[in-house]
Amino acid sequence: MRLEIKQISEVRPNPFIEEFYGKFSLQKFEDIQLYKNIEERGIDQPIKITKSGLIISGNRRYYCAKFSTRFDTIPVLIEDIEDYEVTEYMIVSLQLQRTKTEIQVAKEYMIIGEYYNISRGKGDKEGKQKRDELLANTNCKGSTIKRVLTSFKLVKELDNKIDDDSAWEKLEELNKSKSISAIETYLKNIVGEKKNEKKVKKLKLNNHDSFKIYTRSCEDLSDIVEDQTIDCVCSSPPYPNSIRTYSEDGKSVKKGVKKSNLKQLGQEDTIKEYIDKMVVYVRECIRTLKPTGSIWINIMDVRKNGNYLNVPEKLLLALEKEHLITAQKVIWFKNNPPYDNNNLFQPSMEHIFHFVLDAKKYKWRDNWFNEADEFLGRITYGNKDKKRKFRNVFFYETNKDERNENDGAGMVNSLIETNVINNSYLKKLLSSKGLTLLHNALFDFEIPMICILSTTDKGDSVMDIFSGLGTSGLIAYCAQCKYFGIEQSGVYSAQSYIRFEDFLEKNPKIQRIENIE
């Protein structure tokens, strides 16, 4: 290796280095800083080149000198290697240089694979070794690199005009506020959202007399639901405080749409606005409810700046002003909730409120389960030898006469215990239809099951004003009730019908009720 001074024109930039670290640009902060430093102090570290002038290291210093009017020559260290040896030399030497982000490691991992023609487990043994060394030297997990590479492909899929450098820069920018896992999920959701809307427009869905979903908002249903015709409303409204965003026809809500541009409940600026909207929606449910009917609402509290907002309690008080009677307050206890890494006890519950119009006249069914109802799982206990009964984690007053004598008072607090629903089957089902599951806050089957079976008879009408993917509808159908689902998203409505028809196919013994007027 020898030190010389060469004309800038005698030195050639290395495109392979640009693949690793991107092209030099005076639009990038770090490149501008380097340019200013070299303008003031000159090039204090020689650029390493091959015998023919190809840069081995120092591309950015070379461009700074080239763009400056100050330099005609630059200091170089000449390595005694040929140009064709440079790439493999660099793969080794670049791995030992500077601290790298997981995204930079993934980029190098991909470039090494392309150079050695590694794909789907096949390729050069030396190349695989180089990639393994890269991971070992940077302490990066292979699973993390896979997530980054998947995200890179998704960025390219979302914008087919974007070049590789810009795609990597996009990932680095996202990584400032999101983890690698969150970036992958975020991009998959955006891609899935676009595919869903295109696919849904082409789907042909069958109509069902006893399972109907209307794609619309729920503040006024007078054109489809008459007064006093619904026996049971069972619904789980969106969480307040922008905890989640849901699909809206024609909007890419997963791509950071402003709250002001979203029509969905849960995106309000204040809890008061959220409660006021809920009152409007429930008021319409009251209009449709029979005097013997029930309204079940599942709602979770949320925190903001470390403070609980007491949403369930505020909703309860607001609905009592609408002359609803709180028949029961149920705690839904989740065995396996998403882990919360905050300084507080692990959140493990949601509230379920049971409202009625008349504490003495509402329809109530005590012993609707029997020995054959194995699907009740952990909520009940017993077998053929022991009479099946509810566990003590779900308790309610069963003595109707005693309840009536006390004007409906007595033990009204209950506890339902379930696992959080596993969405894997539904994901596979929708994927087989070319759709992506983006609604990940599904009802557990046990919740609408207990609500609906306790307060309806065969042939009754059940309504869910936030139908989502139709979980309440499946239970209503099994209970031989007519189902009215109200859902703003055409995508969710279509996915609900797909789920329903798959359910019928998998459960052929369930009796279908047609022509319910």
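A disulfide is a pair of cysteine sulfur atoms within 2.5 Å, and by this rule the count here comes to zero disulfides. The structure is a predicted model, in which local features need pLDDT of at least 70 and side-chain atom pairs count only at pLDDT 80 or more, while totals for chains, interfaces and linings use all residues. Residues are numbered from 1 along each chain as its sequence is written, and side-chain values use heavy atoms, with hydrogens and water left out.

**Cysteines**

- The closest cysteine sulfur to that of Cys481 belongs to Cys232 and lies 8.0 Å away, which is too far for a bond.
- Cys481 is buried, with a relative accessible area of 1%, where buried means under 20% relative accessible area, exposed means over 50%, and partly exposed lies in between (1.4 Å probe, protein chains only).
- Cys64 also counts as buried, because its relative accessibility is 0%.

**A loop residue**

- His323 sits in the loop between helix H11 (311-320) and strand E10 (325-334); helices (H or I, at least four residues) and strands (E, at least two) are DSSP runs, numbered from the N terminus.
- His323 counts as exposed, because its relative accessibility is 68%.
- From C-alpha to C-alpha, His323 and Leu357 are 7.4 Å apart in space, although 34 residues separate them in sequence.

**Helix pairs**

- Two packed helices are described by the angle between their axes and the distance between the axes; axes are lines fitted to C-alpha atoms, for helices over the stretch in contact, and angles run from 0 to 180 degrees between N-to-C directions.
- The axes of helix H9 (residues 180-202) and helix H16 (residues 490-506) come within 10 Å and cross at roughly 60 degrees, so H9 and H16 are oblique to each other (under 35 degrees counts as roughly parallel, over 145 as roughly antiparallel, 65 to 115 as roughly perpendicular and the rest as oblique).
- In the contact between these helices (heavy atoms within 4.5 Å), Asn196, Glu197 and Val200 of H9 meet Gly490, Val491, Ala494 and Gln495 of H16.
- The axes of helix H5 (residues 102-115) and helix H8 (residues 164-174) also come within 10 Å, crossing at roughly 150 degrees, and H5 and H8 are therefore roughly antiparallel to each other.
- On the H5 side, Ile103, Gln104, Ala106, Lys107 and Met110 meet Asp165, Trp168, Leu171 and Glu172 in H8.
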